[in-house]
Amino acid sequence: MGLNIEDVSVVYPAADGRPPVEALSRINLTIEDNEFVVALGASGCGKSTLLNLIAGFLSPSFGSLTLDGARVSGPGADRAVVFQKHALLPWLNVLDNVAFGLQIQGVAEAERKKVANKFLSMLGLDGFQDAPVYSLSGGMQQRVGIARALTCDPRVLLMDEPLGALDALTREKAQELILNIWNDTHKSVFFITHSVEEALFMGTKLVVMSPRPGRITHVFDLPFSRQFLDGMPARQVKASPKFIELREEVLKIIFADEEAAA
Ligand SMILES: Nc1ncnc2c1ncn2[C@@H]1O[C@H](COP(=O)(O)OP(=O)(O)OP(=O)(O)O)[C@@H](O)[C@H]1O
């Protein structure tokens, strides 16, 4: 059944003498089971507001959100968030960070270690269980954050620019890793990025948003992640004529929005 967003608007109330902000206007979006939806758009178009709504951190001013038919009315274990800054707990080692969500749910120690180890292994972090998180590189810390989100077996994984702070090479490797994990775990994903190339490569569906008020202006179905998962090397996918053509089309849309806002 998936996640269903119906005619949702968000208005942040007036504050400090500033007028109210219509951050999202009449958003309609479905995230089906096993779908990888990427949101892209000029700064201020409401991407994070949309993610916060799905996470249940925020309620819509108008419209409704349902997950598998049930109204989303707050945060829940069926949705996990990975932020750009991994938000790990510095006083815990890698294993305990990953097992943290299960600990909060009261899962017994042996079971939570087993689950955490499974996801650490999936993310290539075998052998780092006892390491303090601050001793890891940025890319490894981000992988710990993703492992932590996966341990609670959420229905939907929400990712707010998870790779934005990584260097180019680490970022490309992390994109591939996330796609492989998505393919293995069959999660629904909502993923925010500022990179057009990343958006096209990762998503099965691309949602392009425009600011003032934040709205969805274009939706594209994408074939590229499937090509990669079927064995085509990532750089070859990203250099294919179809990919480059779509990249230029999407860039044109976003540049036009940014110029209009300037
Ligand atoms: N708590 C808030 N109170 C008032 N206005 C807000 C609040 N949070 C966001 N906004 C405004 O709502 C609009 C959408 O913000 P949002 O952060 O969702 O956009 P975004 O697309 O994620 O931006 P960016 O790409 O810069 O992160 C912006 O105009 C922003 O200034």
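## Domains

Into which domains is the chain divided? Domain 1 covers 3-78 + 154-261 and domain 2 covers 89-153, with bounds that come from an automatic or database domain assignment. This is a predicted model, in which local features need pLDDT of at least 70 and side-chain atom pairs count only at pLDDT 80 or more, whereas totals for chains, interfaces and linings use all residues. Residues are numbered from 1 along each chain as its sequence is written.

The centres of the two domains, taken over C-alpha atoms, are separated by 25 Å. Across the boundary, 11 residues of domain 1 are in contact with 10 residues of domain 2, where contact requires C-beta atoms, placed from the backbone, to lie within 7 Å. Helix H5 (residues 168-185) provides the largest share of the side of domain 1 that touches domain 2, namely five residues; helices are DSSP runs of H or I with at least four residues, strands are runs of E with at least two, and both are numbered from the N terminus.

## Overall fold

The chain contains nine helices and 10 strands. Its C-alpha trace spans about 55 × 45 × 35 Å along the principal axes.

## Ligand surroundings

Around the ligand lie Tyr12, Val21, Ala23, Gly41, Ser43, Gly44, Cys45, Gly46, Lys47, Ser48, Thr49 and Gly214, each with its C-beta atom, placed from the backbone, within 6 Å of the ligand. Strand S2 (21-31) and helix H1 (47-55) are the elements that give two or more residues to this shell, and H1 gives the largest share, three residues.

Notes: Contact = placed C-beta atoms within 7 Å.
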